[in-house]
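Here are some exercises to work through with the model open beside you. Try each task before reading its solution.

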Amino acid sequence: MSDRLATGRFDDRTVMITGASGNLGRAVAQAFAHCGAQLVLLDRTKPQPGEMPGEAQDRHLHLSADLLDAEAVRRATHDALQRFGRIDVLCNLAGGFAMGQPVHETGDAYFDALFGINVRTMLNGVRAVVPAMIGAGQGRIVNVAALSAQRGAALMGSYCASKDAVIRLTESMAAELRDRHINVNCVLPSIIDTPENRAAMPGADATRWVGADALADVIVFLASDAARALHGAAIPVAGRA
């Protein structure tokens, strides 16, 4: 058993997190910081003071970039590599949800917006980071799909399809990159317990939702050596739902 597997530490590893300013991004950043990782925190806006782990600012790089802009993500990745020399883990956390209309009434703008935030952001991240991982001879990629991607639902066709695309792309990347010693997996959360979701669904039983910290623990596991045999897995993380 490796020392890292025994201790769960990431002291000599650099983790890039997209969507780092969101509820899940902050939870994942905190979890990796607790494990000693160097962090590259990427989002459209830099976090406000106190929003991110601050115990070792020399080990945390905050970068702002429009994740829909491939060149902006490439530049941010270049800056991260200049600072830390490597990116060992990429967590593609950026994403979004919105109820829609029946499929036959769905407009292009709504469809494109959901595929943009849920799929294009992930593609821009892997396009920028994977070449460096191939050069290093190893890497871990964790994507975020959704439990609802497993089947279509009324008024959620575009969302379900976009998250299903994340799963299929995860599987394809896993098959393409496993011989390069790069593991690619994804998580399928149910409703995440956030202040925004509680406000949007005040009558729901939020105790049945998955906590951001619990989902972060699964993401850290998939980035660790303990998950070294997993390729293309889609892990349901459903809380009590």
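**Exercise 1. Find how many cavities of 30 Å³ or more the structure holds, and say what lines the largest.**

Solution. Step 1: the structure holds 1 cavity of 30 Å³ or more. A cavity here is a set of points, on a 1 Å grid over the protein atoms alone, where a 1.4 Å probe fits but cannot get out; a pocket is an open set with protein on both sides within 12 Å along at least five of seven lines, and lining residues have an atom within 4 Å of a point. Step 2: the volume of the largest cavity is about 30 Å³, taken as the space filled by probe spheres set on points joined across faces, edges and corners. Step 3: its lining consists of Asn92, Ala94, Asn118, Met122, Asn143, Val144 and Val166. H4 and E5 are the elements that give two or more residues to this lining; such helices (H or I, at least four residues) and strands (E, at least two) are DSSP runs numbered from the N terminus. Step 4: sorted by class, the cavity lining has 4 nonpolar, 3 polar and no charged residues. Nonpolar covers Ala, Val, Leu, Ile, Met, Phe, Trp, Tyr, Cys and Pro, charged covers Asp, Glu, Lys and Arg, and the others, Gly among them, are polar.

Keep in mind that this is a predicted model, in which local features need pLDDT of at least 70 and side-chain atom pairs count only at pLDDT 80 or more, while totals for chains, interfaces and linings use all residues. Residues are numbered from 1 along each chain as its sequence is written, and side-chain values use heavy atoms, with hydrogens and water left out.

**Exercise 2. Describe the largest pocket and its lining.**

Solution. Step 1: the volume of the largest pocket is about 1,100 Å³. Step 2: 38 residues line the pocket, and Gly95, Gly96, Phe97, Ile192 and Asn197 lie nearest its centre. Step 3: at least two lining residues come from each of H2 (23-34), H4 (108-136), H5 (157-177) and H6 (195-200). Step 4: the lining comprises 19 nonpolar, 13 polar and 6 charged residues.

**Exercise 3. Work out which residues of H2 are buried and what covers them.**

Solution. Step 1: H2 has 12 residues and reaches 17 Å from its first C-alpha to its last, close to the 16 Å expected at 1.5 Å a residue (1.5 Å times one less than the number of residues). Step 2: Leu24, Gly25, Ala27, Val28, Ala29, Ala31 and Phe32 are its buried residues (buried is under 20% relative accessible area, exposed over 50%, partly exposed in between, with a 1.4 Å probe and protein chains only). Step 3: their cover includes E1, E2, E4, E5, E7 and H7, contact being heavy atoms within 4.5 Å. Step 4: take alanine 27, buried at 17% relative accessibility. Not counting residues up to four places away in sequence, alanine 27 touches Ala212, Asp213 and Ala216. Alanine 27 and alanine 212 are 185 residues apart in sequence, yet 6.0 Å apart in space, C-alpha to C-alpha.

**Exercise 4. Which residues other than glycine have a positive phi, leucine 155 and histidine 181 being two to check?**Solution. Step 1: leucine 155, in the loop between E5 and H5, has a positive phi near 65 degrees and is partly exposed at 36%. Step 2: histidine 181, in the loop between H5 and E6, has a positive phi of about 65 degrees and counts as exposed at 54%.
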